[in-house]
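Dear colleague,

I am handing over the structure we spoke about, and my notes on its cavity, one of its pockets and its aromatic rings follow below. Please read them with the model open beside you.

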Amino acid sequence: MKRQHYVDNLRWILIALLLPVQAALALNCWGEDFYIILDGESKGISSFYTMISPWIMSVLFLLAGMTMRYSLEKRTATEFAVNRLKRLGIPLVIGIFSIVAVLSYFTDVYNFGYVPGFARHYRVFLMEATDLTGFDGHFTLGHLWFLFFLLVSGLVALLVVMLQKRILPKLRVNNPGLIVLLLVGILPALGSYVGNIAGKSLVQYLLILLLGYYVFANEAVLEKLQNNRFLLTGIAVVGLAAYTFLFVWMERTGVIVEIPKWIGAWSAVLAVIAMARQYLNKSTIVTQHLYKISYAFYWLYLVFVVWVEAIMQQFIDAPVVLFLISVIVSFIVTYVVTEIVTLIPFIRQIFGVKKSHKEHA
């Protein structure tokens, strides 16, 4: 199959967008814990967060399911599993015991006044696990939960696919109607309440990945989404706006908030895929490079977000100004450091960053 450039472009764009989304969480107005909690809060910044966070990771997992199908057309199951272990498992393990350990230490120092130093804290990080969020300075997967979930859900999905090919070899999802494509979003919504690890549901993201594999890797389905991209965008905006208004501005909780949240989130997932297929299905030297370094960028970004926000708070009181400057500075720092570290042969090998572009069939 010809390479789907919109998939690559959407991945690096969403990974870059995660930086301001996570920076916004430090100024949330509903009291959610984070690696750093800044003085002051902003409903405007909180609204930015609630308009994007419900769907952004789901898009990445849906793309993972779609590309899994494309990959298995060229690779055996064993080759796919080995590739996943190399591309996700190695960065995950190295990242936890380096990047995430630093993040945990910083959190303990900033939020709880930990004094003894990084070397002493490293033992705390390794030996004392609590709720796995890391917001208390103890062991956590940190932001690398994404790599862990991708790895585990990908391998579980591979087992599901292998079993399906044995038991139901003729199983096909043809071309469901738009209403059906919207209604299947109920599955991950329900799954979000099961298999919770540090506030994230492995079941939810596994279901999304499987939907990507079985339903949304179908060109006819993608064409249908693309043809209805404006309708899907409208539903998404209305749903997410209703959720944001009720949750952030009216301070409501419960079913009345969850329903528009999930309607808006799943519609946004489909809308983003559709818009990307329409407008981002092109490739340049710049976009190829940004895609190649995107996972290394993700590996590093959260440490710099937290570090920059902590420094900027010493000089800036206004939450919106603090947020904007922190995002700009941390983005520049993360990008520069990413470019530097991906010059190191070992790091390049970990993330599969090649020196020259090779077009894939």
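Helices here are DSSP runs of H or I with at least four residues, and strands are runs of E with at least two, both numbered from the N terminus. The model is predicted, so local features need pLDDT of at least 70 and side-chain atom pairs count only at pLDDT 80 or more, while totals for chains, interfaces and linings use all residues. Residues are numbered from 1 along each chain as its sequence is written, and side-chain values use heavy atoms, with hydrogens and water left out.

Cavity and pocket

On a 1 Å grid over the protein atoms alone, a cavity is a set of points where a 1.4 Å probe fits but cannot get out, whereas a pocket is an open set with protein on both sides within 12 Å along at least five of seven lines; lining residues have an atom within 4 Å of a point. Points are joined across faces, edges and corners, and a volume is the space filled by probe spheres set on them.

The search of the whole structure gives 1 cavity of 30 Å³ or more, and the largest cavity holds about 50 Å³. At least two lining residues come from each of α2 (43-72), α7 (186-191), α8 (202-216) and α11 (255-279), with α11 giving the most, 4 residues. Among the lining residues are W55, Q204, W262 and W266. The lining has 9 nonpolar, 3 polar and no charged residues, where Ala, Val, Leu, Ile, Met, Phe, Trp, Tyr, Cys and Pro count as nonpolar, Asp, Glu, Lys and Arg as charged, and the others, Gly among them, as polar.

The second largest pocket has a volume of about 1,000 Å³, and of its 43 lining residues E32, Y49, G199, K200 and Y205 lie nearest its centre. Its lining takes the most from α2, with 8 residues, and comprises 26 nonpolar, 13 polar and 4 charged residues.

Aromatic rings

Rings of Phe, Tyr and Trp (its six-membered ring) pair if their centres lie within 6.5 Å, and planes under 30 degrees apart count as stacked, over 60 as edge-to-face and the rest as tilted. The count comes to 28 aromatic pairs. The ring centres of F34 and F135 are 6.2 Å apart with planes at 55°, so this pair is tilted; F34 lies in the loop between α1 and α2 and F135 in the loop between α4 (118-127) and α5 (145-167), 101 residues apart.

Best regards
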